[in-house]
Amino acid sequence: MGNSVVGETVFFSVVIPTYNRKPILEKCLRALEAQKLSDVETHHGASVLGYEVVLVDDGSTDGTLEWLEARKDEFPHVRTFCQNHAGPAAARNLGVEKALGDTIIFIDSDLVVTENFLQAHANALEQGKQKFGGDRFFTYGAVINTCNFDQPTSEPYKLTDFSAAFFATGNVAIPKHWLEKAGLFDTRFQLYGWEDLELGVRLKNLGLKLIKCPDAVGYHWHPPFSLEQVPRLIDKEIQRGRMGVLFYQKHPTWEVRMMIQMTWLHRLLWGVLSLNGILNERTMAPFLQWLIKLGKPQLALEIARIFLNWYNVKGVYEAYAQIQKAT
C-alpha cells in the first residue's frame with residue numbers, strides 16, 4: 001500500500017482530526033464508507049487500489065473513541081489514533097505519520113462527502129500527472145457550507161462558498177512525500193486559523209501547483225447561526241488575528257499581510273463598515289435576531305462578519321504591537 005504512485009494505482013489515506021464532533025463525525029465517516037471506486041485505470045483517470053481513514057482524536061471529551069470502538073465493525077476503513085488536546089496541526093501531523101498510503105487526503109470531521117469523492121480526486125491526480133509530467137502538484141476539491149444536518153449534501157453551491165486559498169485542509173489531496181519535504185504543519189499554530197495556509201506557502205515555495213477538482217465535493221456542516229454563538233465567533237477572530245501574526249513572522253511578505261488583513265486597506269474597510277466599532281455585537285443584535293426569526297440565519301451571519309472582521313483586524317494589530325514591544 002505504501003508503494004502507490006500518483007497516476008498508476010492510488011491508495012489513499014484520508015486524514016481527519018476531530019475534537020468533540022461525534023454527531024457530524026458519524027455522517028462524515030459513513031459517507032467515506034460508501035465510496036464508489038474504480039479498480040480499472042482508464043484514460044479518464046486512475047484506478048483506486050483502496051483507502052483508509054486515519055482518524056486522530058484530539059482529546060475529545062464527548063465519548064468519540066468509545067462510540068467508535070463499539071461500532072468498529074461499521075467502519076472497516078477507519079484506523080483510530082488519539083492524542084492529548086494539542087490542536088489540528090499536531091493531529092494532522094500524527095495522521096500523516098501513521099498513514100499507510102503515499103497520497104494523503106485532508107478533510108475536516110464536519111465534512112460530508114459525495115460517493116464519488118475519492119474517485120474524483122484520483123482522476124484529477126492522474127490528469128495532473130499527465131499535464132505536469134510528475135507529481136509536483138495537489139488537488140483541491142469543492143467545499144459547500146451548509147447548516148442542514150439531516151441532509152447536508154442537498155445544499156446548493158453559493159457565491160459565499162468560493163475560496164481563493166492556495167492550500168486548505170478542508171478538502172485536498174497531495175503526495176505524502178511533499179508534506180514531509182515541506183516539514184508538515186507547524187504545531188505552534190495552536191489557536192484558531194492559518195496552519196494550513198502557512199504550510200501552503202512552503203509547498204508553493206517547493207514549486208507545487210494547485211489543480212482544482214470540482215467533482216470532489218464536500219459539504220461543510222455548521223449549526224445555524226444564532227446570537228448565542230457570537231462570543232465564541234469573536235474569540236475565534238481574535239485567535240485568528242494572533243495566529244495571523246505568527247504566519248507573518250514566518251513569511252513577512254505583502255501577500256501574507258493581505259491574507260491576514262494586516263494592511264491599512266483592511267483597517268479602513270472594516271473600520272468604515274463597522275462605523276469604527278459602533279456597529280458591534282450589541283448594537284446589531286436586534287437586527288440579527290430579526291433576520292434569524294425570518295429564517296435567514298446565513299444572511300445574519302454574513303452581516304455579522306462586519307464586526308467580526310473588525311475584531312480580527314484589531315486582533316492582528318494588537319498582537320503585532322505586543323510582539324514589537326517585546327523585541
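## Cysteines

In this predicted model, the sulfur of Cys213 lies 17 Å from the closest cysteine sulfur, that of Cys28, which is too far for a bond. A disulfide requires two cysteine sulfur atoms within 2.5 Å. The structure accordingly holds 0 disulfides, and Cys28 is in none.

Both residues are buried: Cys28 has a relative accessible area of 1%, and Cys213 has one of 4%.

## Aromatic pairs

The whole structure contains 9 aromatic pairs. In one of them, the ring centres of Phe106 and Phe185 are 5.4 Å apart and the ring planes meet at 80°, so the pair is edge-to-face. This pair links distant parts of the chain, as its members are 79 residues apart. Phe106 belongs to strand β4 (residues 103-107), while Phe185 is in the loop between α5 (176-182) and α6 (195-205). Phe106 is buried, at a relative accessible area of 0%, and Phe185 is also buried, at 4%.

Phe287 and Trp290 form a stacked pair, because their ring centres are 5.9 Å apart and their planes are at 25°. Both residues lie in helix α10 (residues 285-293), with 3 residues, or about one turn of the helix, between their positions. Phe287 is partly exposed, with a relative accessible area of 39%; Trp290 is likewise partly exposed, with 48%. Elsewhere, ring pairs join Phe138, Phe166 and Phe167 into a cluster.

How values were computed:
Residues numbered from 1 in each chain as written. Predicted model: local features only at pLDDT ≥ 70, side-chain atom pairs only at ≥ 80, totals over all residues. Heavy atoms only, no water. Buried < 20%, exposed > 50% of the residue type's maximum accessible area, 1.4 Å probe, protein only. Phe/Tyr/Trp six-rings, centres within 6.5 Å; stacked < 30°, edge-to-face > 60°. Helix = DSSP H or I, 4+ residues; strand = E, 2+ residues; numbered from the N terminus.
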